[in-house]
Amino acid sequence: MKKMKMLRGLCAAAALIAGMSAASAADGILTPGELKVGLEVAYPPFESWQDNKIVGFDAELAQLLSDQMGLKLQLADTKFAGLILGLNANRHDTVISALYITEGRIAQADAIPYADTGAYIMVRSDSKVAPKTEQDLCGLTVGLQQGTSWVTKLRDLSESYCKANGKERITVKEFPTAPETLQALLSGNVQAQVDIAGAVSMFAERSNGRVKITSPQTIYPQTLGIYVKKGNTALKTEITAALNALRENGKYAALLQKYARYGITETQAR
């Protein structure tokens with residue numbers, strides 16, 4: 001009889017724990033008390049390694065949000081092309097990794113606008129070409145990070161503008177990460193690199209004069225989004241509330257000011 005009571009007690013405890021886990025999942029957090037954020041740590045100034053620590057705009061924003069929400073932050077370094085896949089596979093709660101809000105992405109996950117930016121065009125300092133706009137890329141071999149929105153944009157531009165106007169097409173080459181794309185540019189494997197303004201600005205700063213930005217203004221201006229699993233209304237609501245609180249208390253404005261030189265601004269999509 002005692003064994004039966006003990007067994008029932010264990011079953012009841014297990015059911016309670018399962019119920020708590022289910023409640024936690026329903027609230028949108030995979031692990032109680034933690035916020036696991038997916039990001040690719042190879043994309044300065046948004047995220048990069050420094051002294052064995054992840055630093056950058058998105059890393060700082062993730063910390064501010066988790067503090068505001070009363071959660072412990074866990075950063076999960078993930079390949080760019082696998083960020084949304086990892087989100088939908090429950091490997092992380094949210095993605096904060098300089099991802100533009102695009103139709104393709106919001107078909108897979110829900111997005112919270114948090115900043116606006118665009119892309120810059122970068123070439124080697126000794127380059128004979130100096131493209132100022134995306135139309136100037138006709139006839140050039142352009143390096144892009146795999147999975148970025150510019151891959152489709154430049155391929156479309158190649159057909160709709162370059163070919164249609166009797167110009168040579170754009171040859172698009174994709175690479176796993178932005179730093180690898182930069183190496184392709186430095187080695188002469190591509191003639192130009194198109195990437196988010198912040199990353200290009202930092203690459204140019206750190207290149208010791210080997211590369212230069214040729215576009216006087218950003219191209220393809222878009223809005224960056226914090227992504228949560230589609231239908232995870234609870235977490236989306238919590239993150240939105242936390243971000244709005246950071247806007248009201250001035251902490252987000254201070255973060256934007258810190259990174260203003262990299263072309264990151266408050267979003268107009270609020």
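Figure 1. Residues 24 or more positions apart account for 76% of the contacts in the chain with a separation of 6 or more, where contact means heavy atoms within 4.5 Å. The model shown is predicted, so local features need pLDDT of at least 70 and side-chain atom pairs count only at pLDDT 80 or more, while totals for chains, interfaces and linings use all residues. Residues are numbered from 1 along each chain as its sequence is written, and side-chain values use heavy atoms, with hydrogens and water left out. The C-alpha trace spans about 85 × 35 × 35 Å along its principal axes. Its secondary structure comes to nine helices and 11 strands; these are DSSP runs numbered from the N terminus, with helices being H or I of at least four residues and strands E of at least two. Of the 270 residues, 48% count as buried (under 20% relative accessible area; exposed is over 50%, partly exposed in between; 1.4 Å probe, protein chains only).

Figure 2. An unreviewed UniProt entry places "domain: Solute-binding protein family 3/N-terminal" at residues 34-263; UniProt positions follow the numbering used here, feature names are shortened, and annotations may be inferred rather than shown by experiment. In the model, this span is 34% helix and 28% strand, and its end C-alpha atoms lie 31 Å apart.

**Figure 3. A closer look at helix α2.** Helix α2 covers residues 57-69, which makes 13 residues. From first C-alpha to last it reaches 18 Å, close to the 18 Å expected at 1.5 Å a residue (1.5 Å times one less than the number of residues). Its buried residues are F57, D58, A59, L61, A62, L65, S66 and M69.

**Figure 4. F57 and its aromatic partners.** Rings of Phe, Tyr and Trp (its six-membered ring) pair if their centres lie within 6.5 Å; planes under 30 degrees apart count as stacked, over 60 as edge-to-face and the rest as tilted. By this rule there are eight aromatic pairs. F57 and Y114 are stacked, because their ring centres are 6.4 Å apart and their planes are at 15°. F57 sits in helix α2 and Y114 in strand β6 (residues 109-124), so this pair ties together parts 57 residues apart in sequence. Both F57 and Y114 are buried. F57 also pairs edge-to-face with Y259, at 5.5 Å centre to centre and 85° between the planes. Y259 lies in the segment after α9 (251-258), 202 residues from F57. Relative accessibility is 0% for F57 and 8% for Y259, which is buried too. Ring pairs join Y43, F46, F57, F80, Y114, Y252, Y259 and Y262 into a cluster.

**Figure 5. Two helix neighbours of α2.** Axes here are lines fitted to C-alpha atoms, for helices over the stretch in contact, with angles from 0 to 180 degrees between N-to-C directions. The axes of α2 and α8 (residues 233-248) come within 9 Å and cross at roughly 105°, so α2 is roughly perpendicular to α8. Here L61, L64, L65, Q68 and M69 of α2 meet L235, E238, I239, A242, L243, A245 and L246 of α8. With α9, the axes come within 11 Å and cross at roughly 170°, so α2 and α9 are roughly antiparallel. F57, E60, L61 and L64 of α2 touch K251, Y252, L255, L256 and K258 of α9. Angles under 35 degrees count as roughly parallel, over 145 as roughly antiparallel, 65 to 115 as roughly perpendicular and the rest as oblique.
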